[in-house]
Structures are given as structure tokens and as C-alpha cells.
Amino acid sequence: MALLQISEPGQATAPHEHRLAAGIDLGTTNSLVASVRSGVAETLPDEAGEHLLPSVVRYAAHESPVVGREALAAAVDDPLNTIASVKRLMGRGVADVKRTGSRLPYEFVAGSSGMPLLHTAGGDVSPVEVSAAILGQLKQRAEATLGGELQGVVITVPAYFDEAQRQATKDAGRLAGLNVLRLLNEPTAAAVAYGLDQGSEGVIAIYDLGGGTFDISILRLNKGVFEVLSTAGDTALGGDDMDHLVAGWLMQQAAIEDDAGHSQMRHLLQQARAAKEALSGAVSTGITVTRADGTTWSGNLTRAQFEELATPLVEKTLAPCRRALRDAGIRVQEVQAVVMVGGSTRVPLVRERVARFFAAEPMVDIDPDRVVAVGAAIQADMLVGNKPDDEMLLLDVIPLSLGLETMGGLTEKVIPRNATIPTARAQEFTTFKDGQTAMSLHVVQGERELVDDCRSLARFELRDIPPMVAGAARIRVTFQVDADGLLNVTAEEQTRGVKSSIEVKPSYGLSDSEIEAMLKASLAHAEDDRDARRLREEQVEADRVLEALHAALAADGEQLLDADERAAIDAAARALEEARNGTEYRAIKQAIEAVERASSAYVERRMNTTIRKAMAGHRVDEFKSS
Amino acid sequence: MRGEFQRLMPAACGQPADFLSGSYMAADSSTTHFELFGLPQSFEVDLGLLDTHYRELQRAVHPDRFVTASDQERRLSMQQATQINEGYQTLRDPLKRGRYLLELSGYRFDDQHHTTSDAVFLMEQMELREALAEVREADDPFGSLEVIMDRIARDIVALLMQLQDNFTVADSHSLEAAAEALMKMQFFRRLQEEVMDLEADLEDELA
């Protein structure tokens, strides 16, 4: 109960237990986990001392999936059962995958909900499950290193991820048994990692070119507030594409046919990638590729040749940069620094071109592979409440406009892109035909005029509209986007109050019941443990609620509550204390809810007082300084 | 079934969500954006002060501060943060601010039915649109765009000064004049967007 925990200035805050939290960078190529330990945010290595976990999962019959380096090593020999770059498939439908999938060496089958499934020796798996396997591995690593269970995590996503991709990521977190405190945009995370180190002020750009995604964000930093002004990007553009270009060049040189097999493709891509990485340091590198018939080709790739191949790709990242600047209303001269994020920014060509574009020396002090995880760890630490006095605040935006389909297949924007979240907007619509009693709402995301060019997020129906002449009904549709950038839509017929609400579950996401079922399957044999764990969890929660309540009552219970209200709260608190000492976790849970009900008006009053105080403190300061 | 409905009231984008009525219960439903931000109700706003107060308010109520809180507190925090974002956007933008002031004064702003008979204004609109249509053929397209942008910016400044006067007097005649000025500003805004879109296209074509 964070609000109840707000303490008066000058009053000592009760020392509280350090809660374990972590930041996770779930990347296309590699993933990392980081945590704040003794005040320092750092990425956590595995037993072998490796920080990067290759985002690769290998499935075999009757075995648990293998994640990371070992799986990566099998990619060439067992391409169909070894899933890499699954981030590119998150929140995507079968049709999307077909469009981009020709280059992905997997066998796809259509799932029940339109979500593509990957056919492997270990069964058909969804991209969400593959991601959950990666997250599970990082969870294990963090808990082993930190010596306890994680209370919560922050998972990063490309700023340009749409609703469906975000929802899929959050689902993967839940499936891995993680308490996802927040989805944080990768560039914002990088800014946090840099900003806190250097206490900088002013406008900065974050250029984030990862394995499979590109993001550009423009931020204003001011006294610990990170305000994202705009964001743009391309969720299907990254270092992988450079590998494909080099692989294409290799095929030409080595006279390998276009219909190379999966194994051959993997081999070529690995050689291409190695060459690209070598060329970040060297001006020329030797490559040897083995053809399907066992013969080999050897040759050289120079940096100049590589740059010629990669230039169109790098140029392609500049259009979003220009758009982000325009959307932010910022001229390029106003950008004070450009932070480089993502392994692909190691490529000298990328650094040079970006430096020239922004006319600013790129910042590369923090390892571009780790900076996102480090920023996420800092936010996770703050969110779980380890730093109650921290001044840091992140104000992020939605990357793409949200709207509805209207007559003629046109998009009607309800929330414009780059709106600061959380945000809510309402729009009124009316019926189109006489006596129309139902309306089908189609929620879309994107900037294009035609619905078909936008991403379809969800469809739902508002029924039981009272029959009226066309144009007489008043249907109010409200979009609410929360701090994770996730959308909730409600529709209400105003004259009779018919209401319909959906949490926008994208067409190719997992349903809540599917996730529950998957979680249950993994926990089925641990029923007893689970009851004991729940009891312990509820007891901890009860202690937290009671401690916060007592502290709040001591601070302002006198001023904000009359005798009756106070008595009701005290009674509920006593009941909770009793339940807490029992052994029934359900009873504790109910008692906690009763306390929350009893103190609900009090909580609201405290919220208002908080707002008034935020302003009052100000006026006093300004008065003093003038 | 495709889009069997139509918009009731066209506007630039959605309206503020109405948290303050119905099942959503938020604190102090009568608080105006000006009161929320501790600023005097006026067309002229100290933007520096607005920014500072915005940050202070968000620091106090943002959902990041309530991640581990009860459901009720999380919901309240999201509503308050949403409202603060809404208020900030409204007060920061002169066009939205002007419309909001009209609304507060009980004037119903409806840009669907609001037209102008200001011949000079209409003439200028035509000229600017013609100039915009000819940009692609110009020797220096970016220079031409800049000339158009400068002219729009000057026109908007003039409108802002007029609006300041209108809202200071604030009688029914002045409010009517303010509504007309805001409608003109909306025209200029759309034009500005078109200029920027064209600039974006030209830049991308060059790249």
C-alpha cells in the first residue's frame, strides 16, 4: 500500500527489508538479467561467468527445453528444433509470419487462436512459450545469484512494439512465473542507466539497433524526470538483417543456390555474423564456407565491401530518426547527446553515420549489450520500493496511434501516437442504420488511413442498443492505456447505459485461461508446497498492509478520519491481525480485502492530500525564491 | 460487418475520458485543470511553472509509485496520472487551452458548424495552399517550405495575441470572437501538419 507509506518530511521511515528485484532484457539475439546489489546495478553472470544468454531454445522429445549457449551450438545440426530470434514472432499472426517467415528456418503450424506455432520434436510451441523458457532460465540465474525468490521484475520491450507484441511479452513473463512489475521501453531503460550515472539535463536521443529491432527515442531529462517526447522505429530491422545481407553475398561468391537447406542457411548466417563482428575491429576478414556437398569456399570480406552492403540498412534507420525529431518538435541541433544501444551499434559504419546525423559524439561508455538490462534493474529496484525517497520518474509514450475502424474501412484515431501514458480518451459514435441494435467495434493500431494497413488488435461487439433512428444513439467508446502501454477498451450506450468492456487481447495472443492451464500443468505436482507458500505469502502481505496502515494512521488518522470511520478501520485491522496468526491463507486474503474496503475512503483522501501537498510545497518554494 | 457506425462529433482526436462521472470515482470532480496545476485561470500560462508543477504532480501520483499497492490505490493512481497528463496537454497547447477556457465559460465550441466569413483569412488560406501545392516544383523546395512555415507561424502569433485580449474581456462578443480565432488556428494547424508531412516525404525521397 504505497500511498499509505508516504511519510511526512523529516519523519524517519521505518527501515524495511530489501526486496529482490531484477531487470530483464529479453533480446532477439541475447538476453540478460541485472539487479541492484549494494546500490550498484549490474548484470548477473551464469556459473561459467557469461552475462549474455543466447536467446535460443532447443526442443527434444521427452526432455525439458535447453536454453542458451548449448542450444545455440546445436543450431546448425538441428535447425528445426532449435528456435532462435523468437522475438521477431512475438505477437504476430500466421499471416505476418508468412510474410517475413521465408527467412526463418522453422516449420510453422497454425495454432487455435491464429497464433503461429513452431513444430518441434518436443511438440508444437508458441513464441510466448519459447520466450517464457528464456525468461525462466534468467529467473533461475537471478534467484541462485541473489539467494532468494524474486519479488518482481521489469522486462524491457522495444519502444516501437505494438500492443500485441507487448501483451505477448507480458504473457511470457507470467508463464515463466514472474511477477512483471512493468514493461519498460528499451531506449528509456538505456537513458535511465546513463542518466542516473551522470545526472544529465537536456534533450538526448537514444539510438537502439538490436539484433532484430530498431528504436529511436527523444527524451528530455530534468531533475530525475525522464520524459519521452517521441519514439519511432522499425520492429523488423536489426543486425540480423546485416547478417542476411552478408550471407546473400557469400552465397553469390560461393555459388550456393538460393534453395539452400536449413542447415546450410544456419551455417552461412553464423559465418556472416562472425565476419560482421570481426569487421568492427579489423578492416578485412577471411571467411570459409562449406557447401552442401562438403566442398569449401574461402575468401575475404573487407570493411569497405561490408559497408557497401550495410549502408542501405543504416540509411533506413534515419527516416524514423527524422520523424521522431519532428514529432518531438525538436531540431537536430537541440539534441545534446546520442546514446548508442544494442550490439549492432558496435558496427563502425553505424556509429559514424549516427554521429554525422545528430552532429553529436555518440555515447558508448556503457556496454551497449548490457545497458538496457542495467536500466531495467534500476527501475525494478525502485518499483518494488527499495528506494522510497528516489526522485526518479519515467514518463513514457505510446509508439503508435490507437483507433477504431469506421465507415468505409477508414481508421478513426482515438489516441494519437506519442501520447504520454497513462492516458485515456473517449469518442462518441452513433448508429448508421435505423433500428440498429448492435455495433461491432474493431480496434486497430497504426498511422495509416486505411484499416487494412493498420494492425488489427481486437474486435468486439456492443449489443442491446435500444432501436432508434439512425444517428440517435450515443455510443461512447473509451480507450485507457496503462503505464505498461497496454490498452483497455470500454463501450457504453449513453441513453440506456448498455456497457461492454474488453481488455484488448490481441487476435493471436494467449487467452487468460490458456496461460492458467499452462501454469497449472507446470505446478500440478507441487500442490502441497503451493498451499504452504501461499500461506507464507499472505502472511507477509498482511504484515505489510498492517504496518503501512498503522504508520498512516499515526501520521494523519486524526485529521482525516472521524470517530466512526476510525473505529471501522481499527476493527478490520484487528480482524486481520487475528487471521494472520491462523493457518488459512484464504481467511487472511479476505481480511486484507476487508481492510482495503474499510480504508478505501481514507486512501482517497490521502491521495488528494498528496496532490495538494505536491502543489503547496511548490508555492512555498516559489514564494521564498522570489 | 465493417464499421457500421459513424463519428458523432468530429474533432482532432478523442475527447478527455470522463472519469469524473459514472462508475469511475475520482477525487474532486469539480477541480479545473488550472486549479489542479495551481495556475490562475487565464489564456496566458507560465509554461515553465506548468512544466514544474506537472513533474511534481506526476512524482506524487504516477503508477510507478504504486506498483505494489492495493488494487484500489493502483486504479486511483492511474486515473489521477491520466487526468494530470490530460490537463497538462490541454494547458500546454494554446488551441486546446483556448477551447477549454471556452468550455469553462459555458460556451459550446463546435467546429463542425463554426464557419468564418472573414474574406482576408479565406484568401490567405487559398494562397498558402497554392504555395504548398507548388513546393515540389520549386528550385529550393525546403526553402519554400520554410517561407510557408514562417508565414503560418506569424499568423498564429497574431491569433494568440487576439485570443489573449478576447479572454481578458470575456464577454459574449469576445468569446464569439475567440471561438472564431480558435477555428482559424485549427486551420493553420492542419496546414502546418501538411507542411511537415510534405517535408518528411521530401527528406525521405532525398535519403
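F43(B) counts as buried at 5% relative accessibility, where buried means under 20% relative accessible area, exposed over 50% and partly exposed in between (1.4 Å probe, protein chains only). The model is predicted: local features need pLDDT of at least 70, side-chain atom pairs count only at pLDDT 80 or more, and totals for chains, interfaces and linings use all residues. Residues are numbered from 1 along each chain as its sequence is written, chains are lettered from A and ligands numbered from 1 in the order in which they are written, and side-chain values use heavy atoms, with hydrogens and water left out.

**Aromatic rings**
- Rings of Phe, Tyr and Trp (its six-membered ring) pair if their centres lie within 6.5 Å; planes under 30 degrees apart count as stacked, over 60 as edge-to-face and the rest as tilted.
- Over all chains, eight aromatic pairs are counted by this rule.
- F357(A) and F358(A) form an edge-to-face pair, because their ring centres are 4.9 Å apart and their planes stand at 85 degrees.
- Both are buried: F357(A) has a relative accessible area of 16%, and F358(A) has 1%.
- F43(B) and F167(B) are stacked, since their centres lie 5.4 Å apart with the planes at 15 degrees.
- This pair links distant parts of the chain, 124 residues apart: F43(B) is in the loop between α1 (33-36) and α2 (47-61) of chain B, and F167(B) is in helix α6 (residues 141-169).
- F167(B) is also buried, at 14% relative accessible area.
- R97(B) lies over the face of F43(B), 5.3 Å from the ring centre; for this, NZ of Lys or CZ of Arg must be within 6 Å of the ring centre and within 35 degrees of the ring normal.

- Chain B has seven helices and two strands, taken as DSSP runs numbered from the N terminus (helices H or I, at least four residues; strands E, at least two).
- Of the 207 residues in chain B, 48% are buried.
- The largest nonpolar core holds 53 residues, and F37(B), I152(B) and F167(B) are among those with the most contacts inside it.
- Such a core is a set of buried Ala, Val, Leu, Ile, Met, Phe, Trp, Tyr and Cys residues joined through side-chain atoms within 4.5 Å.
- Helix α7 (residues 172-206) of chain B gives the most to this core, with eleven residues.

**A sheet in chain A**
- Three strands of chain A form an open sheet in the order β6-β5-β7, with antiparallel pairing; two strands pair if DSSP finds at least two bridges between them.
- Strand β5 (residues 56-58) pairs with β7(A) over three bridges.
- V57(A) stands opposite I83(A) in β7(A).
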